[in-house]
Amino acid sequence: MANNPNQIIKFKNGLQINVIKMPESKLSGIVIKIHLKEQYKNGIPHLFEHLVIDQIKKPSFLNVSGSTTLRFIAFKIIGIEDDIYDFLTKFVYNLSSFQLTDKNLESEKSIVKQELLQYRTSQLEKFASEARNKMFDSNGEYQDSVLGSLDDIDDITLEKVLKFAKNNLTAKNISCLATGNHVDNVVSILKQLDSLPVYTSKNIAFNKSKNILLAKSYSCKGTIANAQVANVSMIFKLTDSNLSTVKIYALSLFFSILTSGENALILQLRKSNHQIYFIKALPIYRYNSVYIQLILSGLPNEAKGIVIDLKHIMFNFEKTSKKILRDAFKNLYFQQNVLFDGVEHSVNSFSNMEYEQEKITSFEGVKYHEIINEYNKLISKMLLELNNINIFVEYN
Ligand SMILES: [Zn+2]
């Protein structure tokens, strides 16, 4: 379905609706995202997501869900086209005239607290997040926990939620996806969100330029003796200027080379005889900057060697062969089509995207040489940043 017309409609108060037409589909898919003005570490955005989702009756024939990250709240609705309009109208109405009673707040707080008690992150996720908190010279700037603590939830009052809604529920902070056959009907319902007030006093976090220092020190936790595994995290900056569409593709190309194909990190490290159990490359968005975090686990006595070899591999990125770049580009094109193949995939992909990535719902008009040019610029910038790498090793 690569040839579907994609469009981004911008309304007068700042609401954005991305449209992906699927002429063959009987389904309609909608994503409504509220981009947050700042990072809340007190669990309010997640509670707000619950308050919106749980206070509306969901018919069994629709799939409705919500999710919250550090930077946005996303609501997803999927259903048969004709069945979706009534619900969507109600949902949009509820959102644009958000109301809350003490009784609703208290019952939702207890649901969220239950969820917190059940929530258990995996060892490696915990490690990745601990590493990030260490590596950014924080002042509380970097805070991973979206859910907040039990005490945080207890502290949330009606006033706090309403203040949160007033600050974040504005047309300018909202972006949507409408996908399916008759998207016009959906768009005409969604566009009512543009009537939400606009607060111009404060810019959204992703527009703010702020220099966050990456702590350069090496840190280590645990001891190598008796350890069975070493987890390694490396963070460095990739770019700190605004992300154009071409630049986003160049970044995606870079991540694609790191994780797949013959140049993939894991294969390169294995060539140097390291036993690697796990490896992951994560992009981190901080204001205007994009960082990369490499997470690995391997044998404890190899941790030091892995760090040295990894740095080596990164320094060698300048020499990536034309063939590898071509293959990575093909892979990128393929992955992009997988992401937006069909209503359900489109909804899931869009609801997970950072604000900056939302403009790349289409691969149309993307030129190979432009991306490669941008990619080369990215790599030369990265080579300079490799002196400011931050490393965290944990022996377990
Ligand atoms: Zn939840």
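Analyst: Happy to! The open sheet has 5 strands in the order β7-β11-β8-β10-β9, with mixed pairing. Here two strands pair if DSSP finds at least two bridges between them, and helices (H or I, at least four residues) and strands (E, at least two) are DSSP runs numbered from the N terminus. The model is a predicted one, in which local features need pLDDT of at least 70 and side-chain atom pairs count only at pLDDT 80 or more, while totals for chains, interfaces and linings use all residues. Residues are numbered from 1 along each chain as its sequence is written.

At the edges sit β7 (219–221) and β9 (276–286), each pairing on one side only. Averaged over the sheet and ignoring direction, neighbouring strands are turned by 15° against each other; axes are lines fitted to C-alpha atoms, for helices over the stretch in contact, and angles run from 0 to 180 degrees between N-to-C directions.

β7 runs parallel to β11 (residues 390–395), and 3 bridges join the two. C220 has V393 of β11 as its bridge partner.

Now for the helices. Helix α4 (residues 123–135) lies across β7, β8 (230–239), β9, β10 (289–298) and β11, at about 50° to β8. Helix α8 (residues 245–259) lies across β8, β9 and β10, and runs at about 170° to β9. Contact means that the C-beta atoms of two residues, placed from the backbone, lie within 7 Å.
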